[in-house]
Amino acid sequence: MNPSVPPSAAEYGGDEVSAIVLDPGFSTTRAGFAGEDTPKSLIPTYYGKYSHEGQEKLIFGDDIFVTPRPGLSIHNPMGRDGIVEDWDMAEKVWEYSFTSRLTGAKPGNPFQNGLNDVPEGEMPTEMEGVESDEKPLADSPLLMTECGWNPTKAREKTIEIAMEKWGTPAFYLARNGVLAAFASGKASALVIDIGASSISVTPVHDGMILKRGVQHSPLGGDYISSQIRALFKSNNPQPITITPHYLISSKTAVDAGQPPQVNYKTYPPEKAPDASYRTLLEERTLSEFKECVVQVWPGPSKLLSPGPNGVSNEEVARSSPGRPFEFPDGYNQIFGVDRYRVVESLFDVKAAIPDPDSPFPAPTPAQTVPELIKNALNGVDVDIRPHLLANVVITGASSLLHGFTDRLNQELMQTYPGPRVRISAAGNTAERRFGSWIGGSILASLGTFHQMWISKKEYEEHGPNIVEKRCK
Amino acid sequence: MSLASGVQIADDCITEFNNFRMSGNVKGDKTKFIIFKISDDKKTVVIDETSKDQDYEVFRSKLEAARDDKGKVAPRYAVYDVEYELPGEGKRSKIVFISWVPSNTPMLWSMIYASTRENLKNALNIPTSIHADDKNDIEWKTVLGEASGGKAGK
C-alpha cells in the first residue's frame, strides 16, 4: 500500500467512532478502544500513596507493585460491594487507565510547555479554549460499565465526571450483567458473575435487568484468598507464611515439606513500606495459587457429605493425586484435599475454614452461590424462571477456578430437577475475564450505536439525571 | 430505553411480515416462514429468505446451515407459522418468533444479534418467542410446545 495515499473511509471503519470503553472493577480496571478484542489497558484499581520530602505522592498502575518505598501504603477507591467509595481517587485511577496507554497526555499551551521561547513582553493573547483543550477525553465518546445495584447517585456522579472533568462528547453507562448476557448471544439469561470482591446473580429478561432479582455477596476471589490464608495457618507439616519476593535476598532449593532456606531482606522501620503493600504482594502469590492449585470439588454431593459407597467425599478427595506449589521463599509441598477445602464454602458454608483474624466474617448460608441463585429466581416472575435456568451465563475471572462450572451445574440440577438447566461459559479465558468489556467494545464500535449515546448537549440540557432515563 | 445495538429494521421486513400475518386464511399458496438476518455491514435487519415449504425440517436445516460472509456459523432470526390441532378444539395456528444464536457463534455476532433482538421482536409485535442456541432447541416438539402454550405435542 502506498503510504502517501490516505486510507479510505471504509478502512478507517466508516462512520464508526473511536470510542473508549471503561470497565472498572474492584481488583482491576479495564480500558481500551471500542472494536478491539481485549482491553489494551489493564491496571490494578489499587493505588499507592507515600510522602516524599513532605509532599504526598500517588502511584497508579502496575508501578504500585514495583518499588517498596518507605511508608508506601496501598488503597482502593472502590468498596467491596462494587460501588465507589472515594470519588476523587476513583476518578484519578480511571483517568490513569486511559491516559496512560490510550489517549496519551494532551498537549499543553505551547507558550507554557517550556519548549518554545516566549518573545519578551508579548503575552499570548488567545487564551480562550485552553482549559477545554486540557480535558483528556475531548475527542472520544465513552462507554462505561457498572454493576446491577449501582445506586442513582453513583450513576449521576459517573456521568458528571465523564462530561465535566473529562469532557467526553458522548457517554453511555451499561449494566455489566446485560453486556455479559448479550455477549453470549442471549437477551434473557441468568448471569452469574464471580469477581474479586463480590459474586452476583443478575436476572436479565428481554435485555432488561430484573432489579428485584439481583443478588450479590462478598464471597469472591478475595474471600477465597482469605480462606487460603486460614488454611496456611493450620497447614501440615508446618504453617506457611507467604513472603513476597521483595523481602527475599537469596534462597536455596529445598525438598517438599522442608523448611525454606532463605536469607531475608530487612527494612528498618523508617524505610519499610506499609503493611498494606505486603498484603498486596502476598495477594499476587495467592492468585497464582488459585490458578495452579485450587480446585472445586466436582460433586454431585458436597465435599463434606458421605459419598456413594459409604466412603466420605473428603476421603475420596484425599486419595486423589495432589498438586504441587512452590512459594517465593522456596518452600514447596503438594496440596491434596486442602485444595478443595478452600473453595468449598462458596457452595457449603459448613465447610468454611474458621479464622478469627480474617477481615471476612464467617459466611452465612444466604451468601453461597446456590442460595444467591435461589433468591434471584424467587425474586422474578415464575413464568420466566425456566427460561433463565435454561440460559445460565457464567462470567468473571474467579469463575475460571478449576471445576467451578461443573460443580455449579451439579448443584443446579439437584435444586431444579424439573426444568432444563443449561450453563454457558466462554471457554476462552480472555472472554471470561473481560466479558463485559468485550461486549461494550462491540456495541460502542457499531455505527448504529450513535443513537444510544447521551450527547454533551443532552447532558447540558437535562443534567446528570438523564443517565437514569437513558441507560436502563 | 434499554441497551440496544441501534441496528435498524428494514421496511421490507415489516411489510413482508404483515403480508404473511394477513394471509392466515388463504389455503395452499401460503408463506410458512421468513428468515431474517443482519446485513454484513451490521446496519440493518434484512430478509434472508421467505418460503412456502411446509416441511419443518427444511426450515430447521436452513437455520443450521446459516453462515456469515466469512463462512462461519451465523445467527438468524425467524418467524414460523406453527399449525397444530387440539383434541376437541380443532385446528389452530400461531406465529412464533425465533432467535437462533448457535453457541459456537463468534462473540461479535452473538452480541449484535442479542442486542437487536428486542427491537425486531417489538417491531413485528409477536408475543410468542423462542431463543435457541443448539439444534435441540428448535426441534419441532419444542416449537410446537411453545406455540400451543404446552397444550399440543405432549
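1. In this predicted model, helix H6 of chain A, residues 176-183, packs across the chain boundary against H3(B): the two axes come within 7 Å and cross at roughly 115°. From H6(A), the residues in this contact are Ala181(A), Phe182(A) and Ala183(A). From H3(B), they are Met107(B), Ser110(B), Met111(B), Ala114(B) and Ser115(B). Sorted by class, the contact of H6(A) with H3(B) holds six nonpolar and two polar residues, with no charged residues.

2. The contact between the chains as a whole takes 29 residues from chain A and 26 residues from chain B. On the chain B side, helix H3, spanning residues 107-124, supplies the largest share, namely ten residues. That side of chain B comprises twelve nonpolar, nine polar and five charged residues.

3. Helix H6(A) also meets a helix of its own chain, H15(A), which covers residues 435-445; their axes come within 8 Å and cross at roughly 75°. The two helices, H6(A) and H15(A), are therefore roughly perpendicular to each other. On the H6(A) side the contact involves Asn176(A), Leu179(A), Ala180(A), Phe182(A) and Ala183(A). On the H15(A) side it involves Gly435(A), Ser436(A), Ile438(A), Gly439(A) and Gly440(A). By class, the contact of H6(A) with H15(A) has five nonpolar and five polar residues, and no charged residues.

4. Chain A is divided into three domains. Taken over C-alpha atoms, the centres of domain 1 and domain 2 of chain A are separated by 28 Å. Where these two domains of chain A touch, eight residues of domain 1 are in contact with nine residues of domain 2. The domain 1 side of that contact has three nonpolar, four polar and one charged residues.

5. Chain A also contains an open sheet of three strands in the order E5-E4-E6, with antiparallel pairing. Its edge strands are E5(A), residues 55-59, and E6(A), residues 73-75, each of which pairs on one side only. From one strand to the next, the twist averages 30°.

6. Within this sheet, strand E4 of chain A, residues 47-52, is joined to E5(A) by five bridges, and the two run antiparallel. In this pairing, His52(A) stands opposite Gln55(A) of E5(A). As a general point, strands of a sheet pair through backbone hydrogen bonds, in either a parallel or an antiparallel manner.

Methods. Residues numbered from 1 in each chain as written. Chains lettered and ligands numbered in written order. Predicted model: local features only at pLDDT ≥ 70, side-chain atom pairs only at ≥ 80, totals over all residues. Pairing = 2+ DSSP bridges. Helix = DSSP H or I, 4+ residues; strand = E, 2+ residues; numbered from the N terminus. Axes fitted to C-alpha atoms, helices over the stretch in contact; angles between N-to-C directions. Contact = placed C-beta atoms within 7 Å. Nonpolar A, V, L, I, M, F, W, Y, C, P; charged D, E, K, R; others polar. Domains from an automatic or database assignment. Parallel < 35°, antiparallel > 145°, perpendicular 65-115°, else oblique.
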